[in-house]
Number of protein chains: 2
Amino acid sequence: MATLAEVARHAGVSASTVSYVLSGKRSISEETRQRVESSIRELGYHPNAGARALASSRSHIIALMVPLRTDMYVPVMMEIAIAVATTARGFGHDVLLLTGEEGPEAVRRVAASGLADAMIVMDVELDDERVPLLRDSARPSVLIGLPADPAGLTCVDLDFTATGALCADHLAQFGHRDVAVVGEAAAVYRRHTGFAERTLAGLRARAKEHGMRVIHRPCQGSYESTAGALARIFEERPDTSALVVQNEAAVGPMLALLRQQGRAVPEDVSVVAICPDQVAVQASVQLTSVALPAQEMGRKAVELVMAKIEGGEAEPLTLLPPQLTVRASTGPAPAAA
Amino acid sequence: MATLAEVARHAGVSASTVSYVLSGKRSISEETRQRVESSIRELGYHPNAGARALASSRSHIIALMVPLRTDMYVPVMMEIAIAVATTARGFGHDVLLLTGEEGPEAVRRVAASGLADAMIVMDVELDDERVPLLRDSARPSVLIGLPADPAGLTCVDLDFTATGALCADHLAQFGHRDVAVVGEAAAVYRRHTGFAERTLAGLRARAKEHGMRVIHRPCQGSYESTAGALARIFEERPDTSALVVQNEAAVGPMLALLRQQGRAVPEDVSVVAICPDQVAVQASVQLTSVALPAQEMGRKAVELVMAKIEGGEAEPLTLLPPQLTVRASTGPAPAAA
DNA sequence: CTCTTTCGTCGAAGCGCGTCGCTGGGTAGA
DNA sequence: TCTACCCAGCGACGCGCTTCGACGAAAGAG
């Protein structure tokens with residue numbers, strides 16, 4: 001492996017000059033810059049990460065903490081993770097993958113060892129153990145998701161309250177009066193993950209304004225549990241004419257069940273999904289949906305964390321506005337029986 | 001941040017002694033070890049990652065390269081990635097997340113900068129650009145997947161040939177004569193990703209021995225494309241009594257379509273899936289399936305890579321034996337029409 | 001009782017890079 | 001012509017850790 005010193009010798013300059021060529025922190029004559037750069041290419045030089053980290057106390061690494069559980073929709077996680085990695089590379093940084101398993105200890109370890117310059121934490125719960133640590137840590141961090149008390153933190157999330165409201169608006173427009181929400185697994189609510197509750201709150205508030213009734217049933221996402229949730233919904237509210245699904249795994253089973261029960265979509269029942277576009281368009285009926293802007297969340301999180309690394313202040317709360325795409329699964333409410 | 005030197009002063013020993021306590025590379029009296037360890041705890045000392053990497057030329061980081069594309073089943077990737085991260089932590093290592101986007105350049109960069117001690121590469125294609133680089137690199141690497149020429153490499157994969165054969169055996173046992181494979185997206189075959197072709201080959205060879213006929217249709221995984229694949233299958237071979245599905249996304253749509261067409265599973269058509277257990281049990285019919293041992297692959301890859309880091313030699317080719325779990329989707333072939 | 005080992009510890013020399021302060025030569029202003 | 005200044009480049013130091021050789025003390029061998 002070539003070193004800085006070897007490049008310097010090869011180019012006939014001192015080591016510090018090569019360093020300044022690389023960092024651009026002092027002016028260098030065009031001529032020597034050229035010479036140094038061609039030496040770098042010729043020797044295939046790559047700066048040693050450890051040495052650079054030691055000398056500059058910057059590792060150019062961002063830690064990304066993903067949840068270990070898999071009861072949430074994984075592709076969204078993955079999409080965010082990939083967007084984070086890609087964006088970070090654009091800033092000259094790499095991404096360290098931490099699983100939730102280590103929990104708060106990982107936060108301490110990474111912060112204290114200088115392994116990473118900053119952290120991005122996904123799947124934040126309303127009352128998350130890691131939050132106080134992050135708040136007190138000297139290292140910058142960005143949360144994807146919203147804890148109960150976001151004071152002193154930087155958070156990025158989809159505006160789920162607005163998402164709920166948007167669904168309500170769309171359905172009200174079509175004259176629906178009885179709406180049912182097929183939600184995430186009960187465990188998600190029990191953990192008080194913020195997004196599920198906020199969606200529901202936004203939907204309920206706006207539905208009230210529109211004079212719509214709302215009921216809500218959690219759902220594991222399996223065929224069985226989806227069948228159960230649907231059965232209970234139509235039992236309790238036979239006039240239900242619209243479903244809002246916030247559970248990607250339940251989408252397929254639900255459509256299959258409705259078809260089986262002879263309920264046509266959207267003639268008898270309208271369906272709005274909160275899910276990635278890919279799921280919406282691959283379903284048996286093209287679904288009207290509000291997308292989870294996974295890529296944008298990942299990208300935004302990195303931009304914020306980079307701003308904080310550079311010493312700038314970052315907007316404490318970034319709520320991405322939801323966008324509803326109308327497809328084939330929503331239409332006018334059927335005339336009341 | 002406390003440093004080694006501060007710990008040493010606090011414990012009344014030299015820095016090197018503290019270092020040896022940490023690494024265990026020289027004998028230390030029980031008494032001083034105690035003293036040093038309590039100083040470490042008291043000061044909340046964590047070794048500086050950069051300094052350690054520089055001095056020892058070992059970063060304690062393993063790079064994991066995941067594919068950028070999302071036309072493969074993502075949860076499996078994620079499960080492997082998480083297994084890798086978890087296992088690596090058990091070895092005192094962290095995981096750096098690289099996306100396929102950078103391609104071969106990432107391999108060079110990581111190897112030359114000493115950012116990582118080793119690499120694990122997922123989603124290897126039969127003729128992969130990264131393979132020659134890895135083969136020539138001084139740093140250890142392990143592939144998950146099997147390239148055309150695995151000479152000089154260390155590879156881990158499910159034994160897909162045996163998987164295909166296992167499916168054939170199972171179906172032959174039930175007297176099926178006409179088998180159809182619903183495969184991955186055509187793009188997967190075009191890229192010559194090894195696993196899809198090997199499954200097919202294993203299935204075909206064993207089917208021949210059993211006197212079964214096999215046809216194969218690729219499938220994007222959407223409802224539409226699944227419908228198309230099924231239609232063509234039953235058009236060409238109306239007597240098809242068994243389906244082998246190697247495409248997780250197609251499982252749901254396929255079962256829905258069969259139901260719609262009045263083909264009962266398993267009375268009219270038997271179905272064997274090659275997919276994670278979770279998908280198999282969450283489907284509307286509990287599927288007989290061969291699981292992708294994602295966790296085991298991730299774990300094994302780390303174990304191999306660690307052995308190579310420690311200087312040992314690693315088994316060049318680890319093929320994990322497939323396991324078929326019989327559930328409710330396979331049964332005797334219907335009497336021929 | 002001396003000579004060699006072994007054990008536990010120390011000091012110092014780096015690992016490869018970033019950064020500070022300095023210098024020599026050129027330019028501009030007076 | 002002299003001072004004032006800026007530009008390019010250099011040398012030295014230090015970041016925090018690992019590791020090697022050395023050394024004193026205790027223990028065993030002759």
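Reply: DNA strand C is surrounded by 27 residues, the closest being A:L4, A:R26, A:Y45, B:T17 and B:S27; a residue is near a strand if one of its heavy atoms lies within 4 Å of it. This is a predicted model, in which local features need pLDDT of at least 70, side-chain atom pairs count only at pLDDT 80 or more, and totals for chains, interfaces and linings use all residues. Residues are numbered from 1 along each chain as its sequence is written, chains are lettered from A and ligands numbered from 1 in the order in which they are written, and side-chain values use heavy atoms, with hydrogens and water left out.

By residue type, the surface near DNA strand C divides into eleven nonpolar, twelve polar and four charged residues. Here Ala, Val, Leu, Ile, Met, Phe, Trp, Tyr, Cys and Pro count as nonpolar, Asp, Glu, Lys and Arg as charged, and the others, Gly among them, as polar.

From chain B, a polar side-chain atom of B:T32 lies 2.9 Å from a phosphate oxygen of DNA strand C.

Helices and strands are DSSP runs numbered from the N terminus (helices H or I, at least four residues; strands E, at least two). Helix 2 (15-23) and helix 4 (49-56) of chain A, and helix 2 (15-23) and helix 4 (49-56) of chain B, each supply at least two residues of the surface near DNA strand C. Helix 4 of chain A gives the most, with four residues.

The UniProt record, an unreviewed entry, places the feature "domain: HTH lacI-type" at residues 2-56 of chain A; UniProt positions are given in the numbering used here, feature names are shortened, and annotations may be inferred rather than shown by experiment. Over residues 2-56, chain A is 71% helix and 0% strand, with the end C-alpha atoms 20 Å apart.

Elsewhere in chain A, six strands form an open sheet of mixed pairing in the order 7-6-8-9-10-12, where two strands pair if DSSP finds at least two bridges between them.

Methods:
Polar contact = N/O pair within 3.5 Å; in protein donor to acceptor, adjacent residues only side chain to side chain.
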